[in-house]
Amino acid sequence: MKRLLMALLIAWPAAAFAQSQCVKCHAASDDAKQKAIVKSFASDIHREKGLSCHSCHGGDPAKSDMGEAMNPEAGFTGVPSRADIPKFCGKCHSQPSFMKKYNPSLPVDQELKYSTSVHGQKRKAGDDKVAVCSDCHTAHAIRPAKDPVSSVYAKNIPQTCGRCHADAKLMAPYKIPTDQLAKYTRSVHGKALLEKGDSAAPVCNTCHGNHGAVPPGVADISQVCGMCHVNNAEFFKSSPMAEPWAKRKFHLCATCHTAHDIQHPTTQLLSSENGVCLKCHRPESKQLQVATGIKSELELVESSYAGAEKAILAAEEKGMDMAEARDLWGAARMSMYQARTTVHTFRAQDVAKIADQGIASARKAAQAALDAVTDFRNRRVGLGVATLFISLLVLALYLKMRDIESGS
Amino acid sequence: MRDFTRKDFLNLFLGGGALGLVASTVYPVLRYLLPPEQVEAEPDALKVGAVKDFAVGTSKIVKFGPKPIIVIRDVKGNFHALTATCTHLDCIVQYSKDADLVWCACHGGKYDLSGKNISGPPPRPLTQLDVRVAGGDVTVVKTA
Ligand code: FES
């Protein structure tokens, strides 16, 4: 019974859609574009929810006469102009009481947010080329953001935004860069999302907002990055760098890490030869000395950690149980991560305190692994000695028997 | 004095060899042949202590088989048990009494007491385990 009900629920919108006169005529049209609209709408979320062409465009889907079906007096609005699209979608999407029927948890502030976005502001100022709802969501193949085929599914967002923002010709009048997509794709965030499939990795709208998209300002950027990189942002705020940076209006995180091209940070960032500190500080300055001190602490904890891992793997390869050494190694890793994060305090002693704990744990882990390998070798030597003894004994027995035989 | 003959030498060698065999053959052969200690299998339940060992607003990290778990007695006195390995980069999480939630010192990730990741970089929740309190003892049980 439950299954039958489900089947009916699924079939009902499809049947209603198929019976619409709009669909019948547009599907039979010679115009390939009209046919494509009907085809793509078949998988649109609105159709799935029981809506059809007339739900957005008005008109009477029961009438076969075109004049009657598309009579403006009967409410037919036809295709909205680009400028009108936000209001057109907002007819329903800005109505809490209406939206509640379909999805009570769906926000209803998209139109309002859009009006505060750079897109919305420019459109208000008369720019007809800026993005409207259908540019990101498509017009007739709209899918929920959680659907992997949706144009606004996390993994598809870089391409969706990049369709305009990576188009040099389209962006030329706005005089803004068009390399964000390329940079994002090769960034640590882009790789996490696009190569490793980590859907928790940030995409364009995580930092810029979606409907209210604006570039994050100087004051906002630490909040934006700090949403995920909590400790880094907190440490930075209490660091000696916070005040001078605020005065100079530096972008908190982007000044060192860049905005779209963020790479996995290495100790090279602190290098006194080509590190980011040199953007502001002289190589012989006190600040560079602090950076060098932090860098060597980090390098030491990193190499101790890597050395411990190598030693553990070697012992594990020999079949030795390294559970305890692995725990110590895990503690070293934890200290290493914490030390890296503590860099944002820009206090060498804070970094050293944590890094030293990691170095100690890593050394203990490495020692445990070396001991295990020594144990393994001792067993082998023991076996060798035992085998030698057995062989000699066999030989002695043989000689003894020969002795007895010759005696008798 | 009698000459030390080839027979004597063989007898001595055989006697000494027998002793050496016991001393140096059996032990290393056994040690070599016995497999190294196995990593503990993951149990289905583990007694983590008495209720009185857990003050309100404290936590304990214990090993549940090979994996660390965090057993928390929250500020209201309720027990919770979660896997203690942060889902971001595997650091060990801690309980913060002040915020009454679980946090990770490495990058500041936060989880609620049911293990749900609520802020910071962790991409997934921590796994929740059942806690049974009976006869004054606290036992953590793997959720079915
Ligand atoms: S390892 Fe826990 S937040 Fe990064």
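A polar contact is taken here as a pair of N or O atoms within 3.5 Å, where, within protein, one atom must be able to donate a hydrogen and the other to accept it. By that criterion, five residue pairs, both members at pLDDT 80 or more, are in polar contact between chain B and chain A of this predicted model.

The wider interface can be described through contacts and area. Here 34 residues of chain B are in contact with 30 residues of chain A. The two chains bury about 2,900 Å² between them, and 63% of this lies on carbon and sulfur atoms.

Turning to charged pairs, one salt bridge is found across the interface of chain B and chain A. Its partners are the side chains of B:Lys63 and A:Asp327, which meet at 2.8 Å, N to O.

It is also worth a look at the strands of chain B. Strand S2, residues 58-64, pairs with strand S3, residues 67-73, in the antiparallel sense, over seven bridges. Within this pairing, B:Val62 has B:Ile69 of S3(B) as its bridge partner. Two residues lie between the strands of this hairpin, and B:Gly65 adopts a positive phi near 65° there.

Technical notes. Residues are numbered from 1 along each chain as its sequence is written. Chains are lettered from A and ligands numbered from 1 in the order in which they are written. This is a predicted model: local features need pLDDT of at least 70, side-chain atom pairs count only at pLDDT 80 or more; totals for chains, interfaces and linings use all residues. Side-chain values use heavy atoms; hydrogens and water are left out. Two strands pair if DSSP finds at least two bridges between them. Helices (H or I, at least four residues) and strands (E, at least two) are DSSP runs, numbered from the N terminus. Contact means heavy atoms within 4.5 Å. Buried area is the accessible area (1.4 Å probe) that two parts lose on being put together, summed over both. A salt bridge is a side-chain nitrogen of Lys or Arg within 4 Å of a carboxyl oxygen of Asp or Glu. A polar contact is a pair of N or O atoms within 3.5 Å; within protein, one must be able to donate a hydrogen and the other to accept it, and residues adjacent in sequence count only if both atoms are side-chain atoms.
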